[in-house]
Amino acid sequence: MKILVAVKRVTDFNVKVRVKPDGSDVDIGNVKMSMNPFDEIAVEEAVRLKEAGKASEIVAVSVGAKKCEDTLRTALAMGADRALHIESDTAPEPLAVAKLLAKVAQQEQVDLLLLGKQAIDDDANQTAQMLAALLNAPQATCACEIECGDGEITVTREIDGGTETLALRLPAVVSADLRLNEPRFVKLPNLMQAKKKPLEKSTPADWGVDIAPRLQAVAYAEPPARGAARKVADVAELIAALQAAKAL
Ligand code: AMP
């Protein structure tokens with residue numbers, strides 16, 4: 001089984017993102033960037049499947065600016081075999097990424113496409129679903145368990161109030177949720193070794209995909225500031241305070 005894992009370079013989850021003073025965008029100049037946390041889980045799952053003898057090759061793919069190379073090197077250090085960087089200066093929208101991943105999947109003849117359930121920067125939660133539609137492939141989003149069978153996989157997914165288990169014929173698209181696994185820590189020697197693994201470069205045009213944006217962000221705004229906290233003496237005072245704040 002050949003696995004494609006999509007990894008996005010995003011603002012690190014610890015960074016408190018600020019809106020630019022003119023509200024035109026968020027300011028991510030000079031902030032720490034990392035692999036999208038759900039993508040780390042997807043890479044970890046692919047590596048575990050390979051370690052269990054269920055997968056033959058793992059190809060990590062990232063679409064975006066030059067620095068995505070670092071994200072791909074992390075995926076390689078975790079255990080991916082090779083990487084494809086589709087370089088673009090503009091941040092691609094989910095549909096553009098889905099179109100590119102579909103082209104790669106077709107060319108590489110992959111059996112399983114693993115993505116994160118959502119990117120923590122745009123919170124779109126769209127790419128996996130669009131990719132499955134473009135490939136006309138079965139999909140399971142928000143996966144918390146994956147088991148491999150013969151030509152199919154069984155995926156348990158998190159749904160409201162419980163779980164649902166689906167059997168999917170391969171090739172299939174699966175997006176990883178938080179409880180699928182706990183990603184391994186990448187050690188420095190692995191990062192050094194990862195430098196020797198192949199990382200191929202291409203552009204969206206090489207894949208025949210137009211990534212021109214279709215959406216225009218009209219405005220960005222900070223969430224309303226939280227008011228100061230205060231201590232209450234007892235339950236009666238708490239209820240009175242909540243009623244005054246119209247929270248009850
Ligand atoms: P989204 O639909 O933007 O919330 O992203 C869902 C998932 O799609 C991410 O967790 C990644 O696995 C994948 N993805 C989105 N954008 C990119 C990108 N630029 N490069 C590689 N993978 C991406």
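Is D12 buried or exposed? Start from the cut-offs: buried means under 20% relative accessible area, exposed over 50%, and partly exposed in between (1.4 Å probe, protein chains only). D12 has a relative accessible area of 6%, so D12 is buried.

Before going on, please note that this is a predicted model, in which local features need pLDDT of at least 70, side-chain atom pairs count only at pLDDT 80 or more, and totals for chains, interfaces and linings use all residues. Residues are numbered from 1 along each chain as its sequence is written, and side-chain values use heavy atoms, with hydrogens and water left out.

**Exercise 1.** Trace the salt bridge of K2 and the network to which K2 belongs.

*Solution.* First, the side chains of K2 and E57 meet in a salt bridge of 3.7 Å, N to O. K2 belongs to strand 1 (residues 2-6) and E57 to strand 6 (residues 57-64), 55 residues apart. Next, check accessibility: K2 counts as buried at 15%, while E57 is partly exposed at 21%. Last, widen the view: salt bridges link K2, E57, R82 and E108 in a network. The count for the model comes to 19 salt bridges.

**Exercise 2.** Work out which parts of the chain E158 and R179 tie together.

*Solution.* The two side chains, E158 and R179, form a salt bridge at 2.9 Å, N to O. E158 lies in strand 10 (residues 152-159) and R179 in the loop between strand 12 (172-176) and helix 5 (188-194), so the bridge ties together parts that are 21 residues apart in sequence. E158 is buried, at 19%, and R179 is exposed, at 60%.

**Exercise 3.** Describe the surroundings of the ligand, starting with the shell and ending with the polar contacts.

*Solution.* Begin with the shell, counting a residue as near if one of its heavy atoms lies within 4 Å. The ligand is surrounded by 19 residues, and the closest are D39, V63, A119, N125 and T127. Strand 6 gives the largest share of this shell, 3 residues; strand 6 and strand 8 (112-116) each supply at least two.

Now take the polar contacts (pairs of N or O atoms within 3.5 Å; within protein, one must be able to donate a hydrogen and the other to accept it, and residues adjacent in sequence count only if both atoms are side-chain atoms). A polar backbone atom of V63 is 2.8 Å from a ligand nitrogen. Backbone N or O atoms also lie 2.8 Å from a ligand oxygen in A119 and 3.4 Å from a ligand oxygen in A124.

Key: A salt bridge is a side-chain nitrogen of Lys or Arg within 4 Å of a carboxyl oxygen of Asp or Glu. Helices (H or I, at least four residues) and strands (E, at least two) are DSSP runs, numbered from the N terminus.
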